[in-house]
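Please open the model in your viewer and follow the selections below in order.

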Amino acid sequence: MRGRLFVTFLWLTGLSVLITGLLVSFLMRAAYMDSLGERMGKEGQLLAKSLDWESTAPGKPNFRRQTRLYSQTLDAHVTLMDKNGDVLSDSDQRSKKGKNNKNNSAVKRILQKKERSTYERVVTDNQLAVYVPVDYNGERKGVLRITVELDSINHSLRQVWVSMIIGLIFAYAVAALVSSRLASRFTRPIEEITQVAVDVARNKYHRRIPVKKQDEIGRLATAINRMGAGLRYQLETIRKSERRLTGVIETMESGLLMVDAEGKVTVANQAILSLFDLGSTSLINKSLTDLPVFHELQGLVHHCKESQESVRDELHLYFPTERILAASLTPIWGGETTGMGVVIVLHDITPIRYLEKLRTEFVANVSHELKTPVTSLRGFAETLLDGGVDDPKMRREFLEIIHFESLRLERLIGDLLDLSKIESRKVRLNVVKVSIDDLLRPTIKTMEEEIRKLDLQLHMKGERGFNVRVDPDRFSQIVINLVANAMAYTPAGGSITLTTGVEESSWWLQVEDTGIGIPSEDLPRIFERFYRVDKARSRDSGGTGLGLAIVKHLVEAHRGTIDVESQVGEKTGFTLRFPR
Ligand SMILES: Nc1ncnc2c1ncn2[C@@H]1O[C@H](COP(=O)(O)OP(=O)(O)O)[C@@H](O)[C@H]1O
Ligand SMILES: [Mg+2]
């Protein structure tokens, strides 16, 4: 554009300069010829008047002298002709005498003309000739011709031409410079606008066009600036919501997968990668059929696309761990380019399923645990009713069993109620600041007697005199359960040791016995409800199988931890640790 403008400017200036040059030189030459011709005419007329016709009668030497005189004065070639056109005299001696100029049109015209003051001018390439009539006594006697060579004139005209051409070249150069400046002034704003438009097309919006004038270009620049700002704002908004969306998708706990009409993955979040143990593999643009891990999913995707309806199902994964995923597939119209795709949301419901299983098992366990004492109660009661009552020895024994079983049943129901209260978080801890001695002593006191009866030793060790923050009733429940277990699983002659300790940010309590111990394969399960290593032994000891489950819940309610260490046939130790 700039180049084209510049060339056009050059053409225009060049052409106009050339035309003016030609016109000026032509006019100059014409004007010069005019004034020269006129002057020569006047001079010729003067000469013709002063010509003494009598004394210059044909043939007389005076005649030539006069013409030569004139010629010298005027620095011109002077010729005198009679009315027939014959040359009477010529200032140039070399020119032929007696030459007839009758047929010379200028001569003819002059001879015919009546006016006295007249002349004829004839211009040839290198000569200017003026014809003047010669009148004597009112009679036309002949014609006087004055000729000048135009050599010198042409020479000076050439010089004018040369200087004019130099001037023209100079003018042309100036014009070129100016036009180049002008062109760039016209095109610079357009170049700037183009640059900004190109930037906008490349998604760069920071550049603005400086608007200097409110002309057409200025308005265009303003419009482009506004467009850039508008696009930038819109892009910002889009990016912001995209970031938000990506953030949500990435932090989602559920796995999200989106496939397009061709079955290629367009969106896959982090959760899906961890669910299928894919590490940091990129799934984007991969075809679902090329990914064996999603084998089970492919059928569902197909079904969803075919039916154009949402599909819900469960997927079972066996690798890397066994898991159950709830899959929800929804068809989604992704626009002309993407076509009909499918959004897949996968939710890991393994924990839910596990809890459900636990609950069913628990219900079954509870029913079973309740049924056993009830069956035994019924059996002994029936035996008594069937006549056993009459045997005093049998009556006492059976009534004692019935008493023992009903106590166990009461404990079981009590434990169950406790557990359900603690699990449903209905128990509110009444935390108070209490010294460790005040906390343990009353609890131990209630059990001392029984411990002695079982022929066991009870030791208290460790640091004392520090304060703790606990719910004393609930804490005593913890200690009673642990000591009761130690009593139940330690043969006579053994010992139970309670050790306390305090550290900077925590304190601990250990309940250790020298009992039968727990096999290491059972250790991880002993906190489960109704889990017992030896069912019969637990029953005989009057245990419910819920003690440790209650203990664990209560310890956790105090934000503490419980650990167990044991060696079969040697010892078992439970360590509780609480924050201070
Ligand atoms: N001090 C211990 N020594 C040996 N085994 C223990 C001890 N404490 C608990 N156990 C084992 O853990 C099981 C669960 O304990 P618990 O929940 O208190 O139920 P139980 O009513 O049987 O005592 C017990 O049946 C027993 O097998
Ligand atoms: Mg117990």
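A polar contact here is a pair of N or O atoms within 3.5 Å; within protein, one must be able to donate a hydrogen and the other to accept it, and residues adjacent in sequence count only if both atoms are side-chain atoms. This is a predicted model, in which local features need pLDDT of at least 70 and side-chain atom pairs count only at pLDDT 80 or more, while totals for chains, interfaces and linings use all residues. Residues are numbered from 1 along each chain as written, chains are lettered from A and ligands numbered from 1 in written order, and side-chain values use heavy atoms, without hydrogens and water.

Select Ser538 and ligand 1: a polar side-chain atom of Ser538 lies 2.7 Å from an oxygen atom of the ligand. Then show Asp513, with a side-chain N or O atom 2.8 Å from a nitrogen atom of ligand 1.

Next, display the whole shell (residues with a heavy atom within 4 Å of the ligand). Ligand 1 is surrounded by 19 residues, with Asn485 and Thr544 among the closest.

Finally, colour domain 3 (257–343) and domain 5 (428–579), whose bounds come from an automatic or database assignment. Their centres, taken over C-alpha atoms, are 51 Å apart.
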